[in-house]
Amino acid sequence: MGCSEILKHKGKDIVLVNLANCSPQSTFSILDEAHVIIAKHAPKSALILTDSTGATYNSEVSNAMKDFSSKNTPYVKGSAVVGADAMRKVLVAAIRVATKRDIRTFDSREEAMDWLVSL
């Protein structure tokens, strides 16, 4: 199984971008895999959950995350992030500004998925 998949939550599909405990090298292929899934959605319909718990980030990963978020914006209805420590929250804030999207951080997957399906 890949690190990007469709989860069902309360009858709705959520695209999980699972970066938990990933190295910078594996992050790039996961983002590519996730983009293929997201780009199959109708405009403004995809619900995205990114789990960054324990992931290792560097400047290349940060740039890849910004690019990933920008190119997916046309398809996204809502985005949530779990596992964001203080440093990752800064990256989320930068992506939020760059994409002009409401990207929220949550303490658990359950909270994030409940918010996403409420949109």
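This is a predicted model: local features need pLDDT of at least 70, side-chain atom pairs count only at pLDDT 80 or more; totals for chains, interfaces and linings use all residues.
Local features need pLDDT of at least 70, side-chain atom pairs count only at pLDDT 80 or more, and totals for chains, interfaces and linings use all residues. Residues are numbered from 1 along each chain as its sequence is written, and side-chain values use heavy atoms, leaving out hydrogens and water.

**Stop 1: the sheet.** Select the strands (DSSP runs of E, at least two residues, numbered from the N terminus). Five of them form an open sheet, ordered 1-2-3-4-5, with mixed pairing. Pairing takes at least two DSSP bridges between two strands. Strand 1 (4-9) and strand 5 (103-106) are the edges, each pairing on one side only.

**Stop 2: strands 3 and 4.** Select 46-51 and 76-82. These strands run parallel, joined by six bridges. Find leucine 49; alanine 80 in strand 4 stands opposite.

**Stop 3: the main core.** A nonpolar core is a set of buried Ala, Val, Leu, Ile, Met, Phe, Trp, Tyr and Cys residues joined through side-chain atoms within 4.5 Å; buried means under 20% relative accessible area (1.4 Å probe, protein chains only). The largest has 23 residues. Select Val17, Leu19, Leu31, Ile38, Ile48, Tyr57 and Met65, those with the most contacts inside it. Another core, of 13 residues, lies apart from it and includes Leu7, Leu16, Leu47 and Val82.

**Stop 4: the ring pair.** Rings of Phe, Tyr and Trp (its six-membered ring) pair if their centres lie within 6.5 Å; planes under 30 degrees apart are stacked, over 60 edge-to-face, the rest tilted. There is one aromatic pair. Select phenylalanine 106 and tryptophan 115: centres 5.7 Å apart, planes at 40 degrees, so the pair is tilted. Both residues are buried.

Methods:
Helices (H or I, at least four residues) and strands (E, at least two) are DSSP runs, numbered from the N terminus. Buried means under 20% relative accessible area, exposed over 50%, partly exposed in between (1.4 Å probe, protein chains only).
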